[in-house]
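Subject: Handing over a structure, with notes

Dear colleague,

I am passing on the structure below and would be glad if you could look it over.

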Amino acid sequence: MWLRGLTGGMTAVIVAGALAGAAPARAEEADRIFDKSTVWRPLTPNDKLVVYGIDDPAVAGVACWYTQPEKGGIKGTLGLAEDVSDISLACRQVGPVQFKDKLGQGEVVFSERRSLIFKSMQIVRGCDAKRNTLIYMVYSDKVIQGSPKNSTSAVPLMPWGTELPPKCADAMKK
């Protein structure tokens with residue numbers, strides 16, 4: 001994350017400044033699963049690809065994993081490096097699906113800052129009613145301009161044990 005390597009007063013100043021334009025709070029933190037170094041750096045942390053996992057906060061039984069690059073080096077250590085927009089996404093049914101609330105098309109499932117102030121990553125969800133499939137998309141955006149880089153994953157709702165799958169169309173806001 002962009003705060004790694006910072007201490008005390010510096011962290012407080014940066015956090016206070018970032019919160020001035022912060023996005024809505026997310027339901028949970030992502031679980032760091034593992035990382036793989038991609039660029040070796042002799043005196044500072046390496047550049048890495050990091051895999052994170054999240055559970056859909058509004059749909060029990062669905063989880064997503066995303067892989068994002070994290071910059072090492074001096075800028076990465078100080079939290080000044082802007083992470084690139086190359087993020088991949090995979091979502092799967094991991095148990096019986098239950099909708100906790102009504103869902104909106106394109107609703108934010110998870111959000112995370114990708115730079116000090118200007119860039120964030122969003123995972124959004126929609127429903128393909130014809131195919132009874134939840135669709136998840138990850139993309140990054142900037143205050144000034146967005147990014148065309150994105151990734152999409154589909155979760156067809158399937159029976160789990162003896163339970164029939166719910167219809168995602170029934171869970172959508174009307």
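Is Tyr66 buried or exposed, and what is its relative accessible area? Please keep in mind, as you read on, that this is a predicted model. Tyr66 has a relative accessible area of 0%, and because buried means under 20%, it counts as buried.

Before I return to that residue, here is the overall picture. The protein has 2 helices and 8 strands, and from the N terminus on these elements run in the order α-β-β-β-α-β-β-β-β-β. Of its 174 residues, 39% count as buried. Among the contacts between residues at least 6 apart in sequence, 53% join residues that are at least 24 apart. The protein exposes about 9,800 Å², and carbon and sulfur atoms supply 61% of that area.

Now to the aromatic side chains, where the count comes to 2 aromatic pairs. One of them is formed by Tyr52 and Tyr66, whose rings are stacked, at 5.4 Å centre to centre and with 25 degrees between the planes. This pair links distant parts of the chain, since Tyr52 belongs to strand β2 (residues 47–55) and Tyr66 to strand β3 (residues 59–70), with the two residues 14 apart. Tyr52 is buried as well, with a relative accessible area of 4%, as is Tyr66, with its 0%.

Tyr66 also forms an aromatic pair with Phe110, and here the arrangement is tilted, with 5.7 Å centre to centre and 40 degrees between the planes. That pair, too, links distant parts of the chain, with Tyr66 in strand β3 and Phe110 in strand β5 (residues 107–113), 44 residues apart. Both Tyr66 and Phe110 are buried, and Tyr52, Tyr66 and Phe110 together form one aromatic cluster.

Definitions and conventions:
Residues numbered from 1 in each chain as written. Predicted model: local features only at pLDDT ≥ 70, side-chain atom pairs only at ≥ 80, totals over all residues. Heavy atoms only, no water. Helix = DSSP H or I, 4+ residues; strand = E, 2+ residues; numbered from the N terminus. Buried < 20%, exposed > 50% of the residue type's maximum accessible area, 1.4 Å probe, protein only. Contact = heavy atoms within 4.5 Å. Areas by Shrake-Rupley, 256 points an atom, 1.4 Å probe, with all protein chains shown as cover. Phe/Tyr/Trp six-rings, centres within 6.5 Å; stacked < 30°, edge-to-face > 60°.
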